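Hi,

Here is the structure I promised to pass along.

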Amino acid sequence: MTQQTNSKKPSTPDGQRTVIAFDFGLKSIGVAVGQELSYSTRSLSAIKAQDGTPNWNIVEKTLNDWKPDLLIVGLPLNMDGTEQEITARARKFANRLHGRFGYPVETWDERLTTVDAKAFLFETGGYKNLSKDKIDSKSAEIILMSWFENKYL
């Protein structure tokens with residue numbers, strides 16, 4: 001379920017990397033950052049998108065601020081594991097991240113992350129906590145936590 005690309009950037013050893021995850025969407029792209037060493041994750045501000053295309057300057061600023069070693073892009077699949085129209089667009093976004101910035105990029109199954117994000121945000125702050133920006137970035141954080149759990153636990 002992962003796609004890996006090679007990078008020209010120096011590599012930090014597995015288990016010690018900073019990782020940024022993206023929850024791809026046509027109007028908003030959620031973003032989260034995490035550290036492999038501590039399994040810690042944190043939601044960042046979502047990036048507005050127009051028909052799936054983000055402001056690449058904001059993406060670049062985020063990458064420059066956090067200096068990740070790896071990028072993860074959530075792969076939206078149907079519940080039965082089959083692909084849908086947006087799956088190809090998420091893959092294209094992953095390929096563009098690699099092509100523009102040279103980072104290694106993996107895709108990761110994101111089924112039910114939005115449901116989980118909404119439930120978590122509602123539990124911690126009620127309806128007022130359910131803004132699109134928060135949901136998308138919490139979804140990215142859940143994608144990253146799932147990736148960490150699969151890789152290390």
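This is a predicted model: local features need pLDDT of at least 70, side-chain atom pairs count only at pLDDT 80 or more; totals for chains, interfaces and linings use all residues.

Residues are numbered from 1 along each chain as its sequence is written, and side-chain values use heavy atoms, with hydrogens and water left out.

**The cores**

The largest nonpolar core has 23 residues. By nonpolar core I mean a set of buried Ala, Val, Leu, Ile, Met, Phe, Trp, Tyr and Cys residues joined through side-chain atoms within 4.5 Å. Buried is under 20% relative accessible area, exposed is over 50%, and partly exposed is in between (1.4 Å probe, protein chains only). F22, L71, F93 and L97 have the most contacts inside this core. At least two of its residues come from each of β1 (18-23), β2 (28-35), β3 (40-50), α1 (56-66), β5 (70-75) and α2 (85-101). Helices (H or I, at least four residues) and strands (E, at least two) are DSSP runs, numbered from the N terminus. The largest share, 5 residues, is supplied by α2.

Take F93 as a way in: leaving aside residues up to four places away in sequence, F93 touches F22, F24, I29, P54, W56 and V73, where a contact means heavy atoms within 4.5 Å.

**A buried lysine**

The side chain of K138 has a polar contact of 2.9 Å with that of E141. For polar contacts the rule is a pair of N or O atoms within 3.5 Å; within protein, one must be able to donate a hydrogen and the other to accept it, and residues adjacent in sequence count only if both atoms are side-chain atoms. Beyond residues up to four places away in sequence, K138 touches S43, A117, F120 and L121.

**Salt bridges**

With a salt bridge taken as a side-chain nitrogen of Lys or Arg within 4 Å of a carboxyl oxygen of Asp or Glu, the count comes to 8. One of them pairs E36 with R17 (2.7 Å, N to O). That pair links distant parts of the chain, with E36 in the loop between β2 and β3 and R17 in the segment before β1, 19 residues apart. Both E36 and R17 are buried.

Another salt bridge joins K61 and D65 (2.8 Å, N to O); these two sit in helix α1, 4 residues apart, about one turn of the helix. D109 also bridges to R111, with the closest N and O atoms 2.6 Å apart. D109 is buried because its relative accessibility is 19%, whereas R111, at 28%, counts as partly exposed. Salt bridges with shared partners also join D14, R17, E36 and K151 into one network.

**Loops and surface**

S38 is in the loop between β2 and β3 and is partly exposed, at 47% relative accessibility. Its side chain makes a polar contact of 2.7 Å with the side chain of S40.

Two backbone points to check: most residues other than glycine have a negative phi. D51, in the loop between β3 and β4 (53-54), has a positive phi near 55°. K67, in the loop between α1 and β5, has a positive phi near 45°. D51 counts as exposed because its relative accessibility is 51%, and K67 is exposed with a relative accessible area of 59%.

Finally, L112 lies in the loop between β6 (105-109) and α3 (113-125) and is partly exposed, at 46% relative accessibility.

Cheers
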